[in-house]
Amino acid sequence: MLFPKTTTAREIQRNYRKVFDEVKRTKETIFVMRNNKPEVAIVDVQELSEMEAVLAVLQSREEIR
C-alpha cells in the first residue's frame, strides 16, 4: 500500500517553492498535516480541472436518475 505524500504548514512556509514544484512535476497531491491529520491538500491545477470534470459528469448522471 502506498502512503500519500504529506508535509506540514511549517515546511511550506520554509520551502513553499520546492513543495509547489514537486506537485507540478509529479502531478501527485500533497496533504498538509495538522496535529497528524490532513488539513488541506495541494493539487496540480490540471489534475483539479480533471477531477472537476469527472465530478460534473457524475452529478449530471445522478440528476438524470
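Author: Asp 44 is buried, because its relative accessible area is 8% and the cut-off for that class is under 20%. This value, like the others here, comes from a predicted model. The side chain of Asp 44 meets that of Lys 27 in a salt bridge, with 3.7 Å from N to O. Asp 44 sits in the loop between β3 and α2 (45-64), while Lys 27 sits in the loop between α1 and β2, so the pair ties together parts that are 17 residues apart in sequence. Lys 27 itself is partly exposed, at 41% relative accessibility.

Strand β3 covers residues 37-42, and Ile 42 belongs to it. Ile 42 is also buried, since its relative accessible area is 17% and the limit is 20%. Beyond its neighbours within four places in sequence, Ile 42 is in contact with Ile 12, Val 19, Phe 20, Val 23, Glu 28, Thr 29, Ile 30 and Val 32. In the other direction along the chain, Glu 63 is 21 residues from Ile 42, and the C-alpha atoms of the two are separated by 30 Å.

The side chain of Glu 28 meets that of Lys 5 at 4.0 Å, N to O. Glu 28 is in the loop between α1 (9-26) and β2 (30-34), and Lys 5 is in strand β1 (residues 5-8), so this pair ties together parts that are 23 residues apart in sequence. Both ends are partly exposed: Glu 28 has 40% relative accessibility, and Lys 5 has 28%. Glu 22 takes part as well, as Lys 5, Glu 22 and Glu 28 are linked in a network of salt bridges.

A further salt bridge lies within a helix. Arg 17 and Asp 21 form it, with their closest N and O atoms 3.1 Å apart. The two residues are 4 residues apart in helix α1, which means they are separated by about one helical turn. Arg 17 is partly exposed at 41%, and Asp 21 is partly exposed at 34%. In the whole structure, a search finds 5 salt bridges.

Now the setting of these parts. The protein has 2 helices and 3 strands, and from the N terminus on its elements run β-α-β-β-α. Its C-alpha trace spans about 50 × 25 × 25 Å along the principal axes. The radius of gyration is 15 Å, whereas a compact globule of 65 residues would have one near 11 Å. Of the contacts with a separation of 6 or more, 28% are between residues 24 or more positions apart.

Conventions
Residues are numbered from 1 along each chain as its sequence is written. This is a predicted model: local features need pLDDT of at least 70, side-chain atom pairs count only at pLDDT 80 or more; totals for chains, interfaces and linings use all residues. Side-chain values use heavy atoms; hydrogens and water are left out. Buried means under 20% relative accessible area, exposed over 50%, partly exposed in between (1.4 Å probe, protein chains only). Contact means heavy atoms within 4.5 Å. The radius of gyration is taken over C-alpha atoms; the globule rule is 2.2 Å times the number of residues to the power 0.38.
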